[in-house]
Amino acid sequence: METVIVRGGKPLYGTVTADGSKNAVLPLLFATLLTDGVSVFRGVPKIGDVEVSLRILSAFGAESEWIAPGVLRIDASNVREALPNASDVSSLRAATYLIGATYARFGRAKLMPYGGCAFCSRPIDLHLLACRAFGGRLTDDGEIRGVLRPGYVNFPAVSVGATVNALFMAALSPGESFIRRPAREPHVMSLVRYLRLAGATVSVTSEGMLVRGEKLHGAEMTVIPDMIEAGTYLLAGLTTGGKVTVKTDVSHFSAFFTTLFRMGADLRIGEGEVTAVGGKPLSFGSLKTAPYPGFPTDLHPPTVPLFAVNAGGDVSETVFPSRFGYLSALSEFGVRYAGEEPSFRIYPSKLHPAEVTAPDLRGGVAAVLTALAAEGESRIHGATLIHRGYAGLTSKLRSLGADVTEE
Ligand code: EPZ
């Protein structure tokens, strides 16, 4: 299904449940390469990035099987060194997790062109810095090689992916390792929980993460709810002037809720659910993305339509400073903006339907939210990019009363 067709202008009403988190499940899947047993994950979202990850794992001999809806069993008993399919690796940013996983497991990692949303350059220098700390050296033929040893990693900047790789290497290193300035996103903490269940000792302090490595076995875990997906549906409720309840883990949100409250949004936070009640005009908004617990960069594009249908707002990107390519797609719907990277101002805008191509995952879903608020029929092509991160997007939107189809 390549094109999402939205007949917008209808407020959305109802309740949806957030699926398992994309950015939480991907590190868990790659972490199984560190183990020599069976892991079972519950609440796994049926999204494109999971499918590609499982194909990559199977190249290494890790056998996966859906044993019930949303329940994935991965048997890593026969994991062996391998070279995965280059086109799978180049379509997935999480394939960078192979750097830490294969170096930790086999003492060797082949660097490859890694994929993911192409909204800006995605360097791997921090991943390589972590490898060096654990004894890995970059060879002239593009491999990390060495003998895994405990490491002290002092990250100069916060990176989710490099923290995941450092945790992978630390978890298999025989001895104590320390990771200074790690990412602390809920999805990183869920990896910490998995590594503990699999046999590693990990203490998290304000200074960093202290890890005692071990031979790891498989473990069972439930994937945490996707805070970005949950936030997206709350925004859909507010942007269309409806009332949407999302069942999720409310403790994962902080700066996102604060931003909406400051605009005067009516958010009702309960036990395991949040309700966004739209319909009244909101004041000028302001968001500045930052590593957790700051405003999540992945919720920046979906928040822009809310700014546009209200009094406008300022967006400042500190995580991916050039993540603004999607604004030209939103301008097709009448969204007005000005500025330059890393900060743009969104002006109050009169929306109309449009036909656009999803520029990337979150920019694509921002286009869908804009289309939902614009009266008339819009088409968003390239929806495969959106399905990489949103399980059942159109059926969930339909359950909220949206007139959305796909072809
Ligand atoms: C993860 O990407 C997520 N991807 C992204 O999700 C998310 O936007 C991002 O973290 C930030 O939260 C997955 O989990 C698969 P980073 P990652 O390393 O790990 C710079 C989505 O839409 N950096 O934390 O690649 C980097 O350029 C997406 O779901 C270096 O300079 O992000 C960026 O400015 C897209 N050198 C900043 O750090 C490096 O070696 C943070 O990136 C690595 C990163």
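The largest pocket of the protein is the space taken by the ligand. A pocket here is found on a 1 Å grid over the protein atoms alone, as an open set of points with protein on both sides within 12 Å along at least five of seven lines, and a molecule sits in a pocket if more than half of its atoms lie within 2 Å of its grid points. The model is a predicted one, in which local features need pLDDT of at least 70 and side-chain atom pairs count only at pLDDT 80 or more, while totals for chains, interfaces and linings use all residues. Residues are numbered from 1 along each chain as its sequence is written, and side-chain values use heavy atoms, with hydrogens and water left out.

### Around the ligand

The ligand is surrounded by 22 residues, of which the closest are Asp 125, Ser 159, Val 160, Asp 298 and Val 319; a residue is near a molecule if one of its heavy atoms lies within 4 Å of it. Sorted by class, this shell holds 10 nonpolar, five polar and seven charged residues, where Ala, Val, Leu, Ile, Met, Phe, Trp, Tyr, Cys and Pro count as nonpolar, Asp, Glu, Lys and Arg as charged, and the others, Gly among them, as polar.

| Protein side | Ligand side | Distance |
|---|---|---|
| Asn 23, side-chain N or O atom | oxygen atom | 3.2 Å |
| Gly 161, backbone N or O atom | oxygen atom | 2.8 Å |
| Asp 298, polar side-chain atom | oxygen atom | 2.6 Å |

On its own the ligand has 830 Å² of accessible area, and the protein covers 88% of this, with areas taken from the Shrake-Rupley method with a 1.4 Å probe. Two or more residues of the shell are given by each of the elements α1 (22-31), α5 (125-133), α6 (160-172) and α12 (361-373), and α5 provides the largest share, three residues. Helices (H or I, at least four residues) and strands (E, at least two) are DSSP runs, numbered from the N terminus.

### Residues in loops

Between β12 (208-212) and β13 (220-222) runs a loop that contains Gly 213. Gly 213 counts as buried because its relative accessibility is 9%, buried meaning under 20% relative accessible area, exposed over 50%, and partly exposed in between. Although Gly 213 and Ala 170 are 43 residues apart along the chain, their C-alpha atoms are separated by 5.7 Å.

Arg 181 belongs to the loop between β10 (176-180) and α7 (186-197), and its phi is near 55°, a positive value in a residue other than glycine. With a relative accessible area of 35%, Arg 181 is partly exposed.

The bond from Tyr 292 to Pro 293 is cis, with omega near 10°, and Pro 293 is placed in the loop between β17 (285-288) and α10 (300-309). The bond from Glu 341 to Pro 342 is cis as well, with omega near 10°, and Pro 342 has its place in the loop between β19 (336-340) and β20 (343-347).

### Residues in strands

Ile 5 is part of strand β1 (residues 4-8) and counts as buried at 4% relative accessibility. From Ile 5 to Val 188 there are 183 residues in sequence and 35 Å in space, C-alpha to C-alpha. Ile 380, which is found in strand β22 (residues 376-381), is buried with a relative accessible area of 0%, and Ile 380 lies 213 residues in sequence and 38 Å in space from Leu 167, C-alpha to C-alpha.

Definitions and conventions. A polar contact is a pair of N or O atoms within 3.5 Å; within protein, one must be able to donate a hydrogen and the other to accept it, and residues adjacent in sequence count only if both atoms are side-chain atoms. On a 1 Å grid over the protein atoms alone, a cavity is a set of points where a 1.4 Å probe fits but cannot get out, and a pocket is an open set with protein on both sides within 12 Å along at least five of seven lines; lining residues have an atom within 4 Å of a point. Buried means under 20% relative accessible area, exposed over 50%, partly exposed in between (1.4 Å probe, protein chains only).
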